[in-house]
Amino acid sequence: MDDVYINLSFNDGGYNDVPWRICRWGTKGFTGSAGTTAVTSHKAALWTDGRYYLQDEKQLSSSWTLMRSGSSCVPSTAEWLNDVLAPGSRVGIDPFLFSSDVVNELKESIAKSNHELVYLYGVNLVDEIWKDARPLPTSISIRVHELKYAGVDVSIKLANLRCELINHGSSAIVISMLDEVAWLLNLRGNDVPHSPVMYLYLIVELDPAKLFVDSSKVTPEVMDHLKKAGVEL
């Protein structure tokens, strides 16, 4: 039996902004913004798209196998795992980086070889390796996206969303996609390079809405903006 760890270049809000989660594992400094890695005790593979093929050839060390996603005869991550792992192995993931659909598909695929999918809650193994050298998060404040640019007031957007919840027989929705929360609340930030979003989660219920965010980035203007829309921190 062997163990393997799969990692993505996504953050837990679904954005490709953490290439260091790939480059830290034995590469020469892969700086691409998208990829999936799988590392066993004796093999390592990186799946990425055509934007990074030439870059990968220069930056990957000889211990890595480059998987050119989208090319013919290139196995998926699950197919590769079923090929290189002994039956009954354990496949570890950080569940906060994977959507439920991806997890279910992966779990079903590796079950063909009797592999077990293991959820490592509260720890990302690459972050553990990175330790104190991990880049610090930004400290730039969140800003209000003015109505003249947004086009629709937050209260109207929330009201429309709540109508959809009622129509679908639901009482709440958890929104984790960073761009969706930014659009819904007419907010912008600088937590992700080249994207005007910030790290946060939003729960919208039929009455209240609760925002989970680093409060040090919330200015008085943003706080007032949220209160007017009935959003709690």
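Predicted model: local features only at pLDDT ≥ 70, side-chain atom pairs only at ≥ 80, totals over all residues.
Local features are given where pLDDT is at least 70 and side-chain atom pairs where pLDDT is 80 or more, while totals for chains, interfaces and linings use all residues. Residues are numbered from 1 along the chain as its sequence is written, and side-chain values use heavy atoms, with hydrogens and water left out.

The chain has nine helices and twelve strands. Both are DSSP runs numbered from the N terminus: helices are H or I runs of at least four residues, and strands are E runs of at least two. Of the 233 residues, 42% are buried. Buried stands for under 20% relative accessible area, exposed for over 50%, and partly exposed for values in between, with a 1.4 Å probe and protein chains only. Contact means heavy atoms within 4.5 Å. Taking the contacts between residues at least 6 apart in sequence, 62% join residues at least 24 apart.

Next come the nonpolar cores. A nonpolar core is a set of buried Ala, Val, Leu, Ile, Met, Phe, Trp, Tyr and Cys residues joined through side-chain atoms within 4.5 Å. The largest one has 24 residues, and Leu 185, Leu 202, Val 204, Leu 211 and Val 231 have the most contacts inside it. At least two residues of this core come from each of H7, H8, strand E10 (200-205), strand E11 (209-213) and helix H9 (220-228). H8 supplies the largest share, five residues. Apart from this core lies another, of 20 residues, including Val 4, Ile 6, Ala 38 and Val 91.

How do H7 and H8 pack? Helix H7 (residues 154-167) and helix H8 (residues 178-185) meet at an angle of about 120°, with axes 7 Å apart. The axes are lines fitted to C-alpha atoms, for helices over the stretch in contact, and the angles run from 0 to 180 degrees between N-to-C directions. H7 and H8 are therefore oblique to each other; angles under 35 degrees count as roughly parallel, over 145 as roughly antiparallel, 65 to 115 as roughly perpendicular, and the rest as oblique. H7 contributes Val 154, Lys 157, Leu 158 and Leu 161 to the contact, and H8 contributes Trp 183, Leu 184 and Leu 185.

The loop between helix H4 (100-110) and strand E6 (116-119) holds His 115, and Asn 114 is in the loop between H4 and E6 too. Is each buried or exposed? His 115 counts as buried because its relative accessibility is 7%, and Asn 114 counts as exposed because its value is 58%. Asn 114 also has a positive phi of about 65° although it is not a glycine. From His 115 to Arg 90 is 25 residues in sequence and 5.6 Å in space, C-alpha to C-alpha. A polar atom of the His 115 side chain lies 3.2 Å from the backbone nitrogen of Ser 89.

Two further loop residues complete the tour. Asn 124, between E6 and helix H5 (125-130), is buried at 5% relative accessibility. Cys 73, between strand E4 (65-68) and helix H3 (77-84), is exposed at 81%, and its phi is near 70°, a positive value in a residue other than glycine.

Note on methods. Polar contact = N/O pair within 3.5 Å; in protein donor to acceptor, adjacent residues only side chain to side chain.
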